[in-house]
Amino acid sequence: MERRVALVTGGVGGIGTAICKRLAADGHFVVANYAIPGSEERWLEAMAAAKLNGSSTALAFGDVTDFEAMGEMVRRIEAEHGAIGIVCRVFRSGRLTYFPGDERLRRAVREIAPRRQAGARLTFR
């Protein structure tokens, strides 16, 4: 599988962290987005425990509801890590949206979500 840069918005919560781990374990470079300062601490601990470090993961602070902030965050990610090839949006409600359609990653997300939060809804485009 080709290594791609994956952006996981809401990536530092429970489902987001699990998806980040899976994407990194599958060989992708993963950037986890967060919007609340301090919320990234548990994610950093989880990545260290999984032995996933700066060669396969990074963090990006930014409010995805702010168009300008999101644009700046994406430009910064792409300047530092390359073009974003995968976007997985994790919402507080547990709903997931994944772009683009890659059946192997879809299966991984389907496998992770039900264990993390009952009623998680998945959307693939």
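Biologist: What does R76 form a salt bridge with?
Modeller: R76 pairs with E72, the closest N and O atoms being 4.0 Å apart. A salt bridge here is a side-chain nitrogen of Lys or Arg within 4 Å of a carboxyl oxygen of Asp or Glu. This is a predicted model, where local features need pLDDT of at least 70, side-chain atom pairs count only at pLDDT 80 or more, and totals for chains, interfaces and linings use all residues. Residues are numbered from 1 along each chain as its sequence is written, and side-chain values use heavy atoms, with hydrogens and water left out.
Biologist: Where do R76 and E72 lie?
Modeller: Both sit in helix α3, four residues apart, about one turn of the helix. Helices are DSSP runs of H or I, at least four residues, and strands are runs of E, at least two, numbered from the N terminus.
Biologist: Which residues join the network?
Modeller: E72, R75 and R76, through salt bridges that share partners. R75 to E72 has its closest N and O atoms 3.6 Å apart.
Biologist: How many salt bridges in the whole structure?
Modeller: Three. One of them links D26 and R22, at 3.4 Å between the closest N and O atoms.
Biologist: Is D26 buried or exposed?
Modeller: Buried, at 16% relative accessible area. Buried means under 20%, exposed over 50%, partly exposed in between (1.4 Å probe, protein chains only). R22 is partly exposed at 26%.
Biologist: New topic. Where does S56 lie?
Modeller: In the loop between α2 (40–49) and β3 (57–61). S56 is buried at 9%.
Biologist: What does S56 touch?
Modeller: R3, A24, H28, F29 and V30, not counting residues up to four places away in sequence. Contact means heavy atoms within 4.5 Å.
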